[in-house]
Amino acid sequence: MSLRLLPDLEQLLIGALNSEVAAMLPGEVHNEFPRNYVLPLAVLTRAGGEGMVPPWLDRARVQVDAYGTTWEQARDAAALMLAALHDLPGTYELGIVTAVRDENVMQHSPDPPTGLPRYVSIVSVWVHPASAGS
Amino acid sequence: MASRFRPNTAGILAFGRSEQMATAMRRRAEVVRAVAESSAPFDPEDPDGHFRDSFEVAVAEDRGVAVGIVYTTDPAGAYIELGTSDTPAHHTLHNALAAAGLRTRG
């Protein structure tokens, strides 16, 4: 018997987004807030979701926090991330992104520990393995 | 013979803001609040009060129809829900909505 696993969604998205926005987001996209950081940056985490057709089609709720030195920079980083996310559907080594939908985007949410401006966006992402055998 | 259906838009809107609809929305919001209370993080020694006990329910009108609202009165609620740079997001209300078969409006 062989088991088919859903793709590592965070790894897939962070890798694809960093390829897409490298020239425009000096601080890059991370899975957690980095100890030593350059701004603007983004932190992407999975915030739940559901297997639509387990174990094949996965719908994940994804939170993207965009940080900047100013509110304008954080807003621009958030807009950049949303544009890049909506451009993602396609085939990747780790899986296939079929759709991205806004859930609650560009929420003004300052970050108390760092005092940095931050915008929070939540999107749904649909993804499935690259092939029936992967 | 083909027949044509013409929805009564005014009637649909009137039903959407009726007392019965408001009652139905409040019931659904109460379900979401119960789920949120059962799953919220709880620190019995928190001197600032408890996030778990901070949820309120209301009914309002949005775009002409009744809607149920569940919200927190905890000043730290947004940071518990969405996290910070050093604390993971808990998504208490989002997950309560999902558990009730509902979703946030995008």
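Modeller: Helices (H or I, at least four residues) and strands (E, at least two) are DSSP runs, numbered from the N terminus. Before we use them, note that this is a predicted model, where local features need pLDDT of at least 70 and side-chain atom pairs count only at pLDDT 80 or more, while totals for chains, interfaces and linings use all residues. Residues are numbered from 1 along each chain as its sequence is written, chains are lettered from A in the order in which they are written, and side-chain values use heavy atoms, with hydrogens and water left out.

Colleague: Good to know. What pattern does chain A follow along the sequence?

Modeller: Chain A reads α-β-β-β-α-β-β-β, with two helices and six strands in total.

Colleague: And how compact is chain A?

Modeller: The radius of gyration, taken over C-alpha atoms, is set against a globule rule of 2.2 Å times the number of residues to the power 0.38. For chain A the value is 15 Å, close to the 14 Å that the rule gives for 134 residues, so chain A is as compact as a globular protein of that length. Its C-alpha trace spans about 50 × 25 × 25 Å along the principal axes.

Colleague: What share of the residues of chain A count as buried?

Modeller: Buried means under 20% relative accessible area, exposed over 50%, and partly exposed in between (1.4 Å probe, protein chains only). In chain A, 47% of the 134 residues count as buried.

Colleague: Let's turn to the interface. What is the area buried between chain A and chain B?

Modeller: The size of an interface is often given as the accessible area lost when the parts come together. Here, buried area is the accessible area (1.4 Å probe) that two parts lose on being put together, summed over both. Chains A and B bury about 1200 Å² between them, and carbon and sulfur atoms give 48% of that. On the chain A side, A:Arg61, A:Glu103 and A:Pro113 supply 32% of the area buried against chain B, more than any other three residues.

Colleague: How many residues are in contact there?

Modeller: On chain A there are 19, touching 14 residues of chain B. Five residue pairs across the interface are in polar contact, meaning a pair of N or O atoms within 3.5 Å; within protein, one must be able to donate a hydrogen and the other to accept it, and residues adjacent in sequence count only if both atoms are side-chain atoms. Strands S3 (57–67), S5 (96–108) and S6 (118–128) of chain A each supply at least two residues of the side that touches chain B, and the largest share, five residues, comes from S5(A).

Conventions:
Contact = heavy atoms within 4.5 Å.
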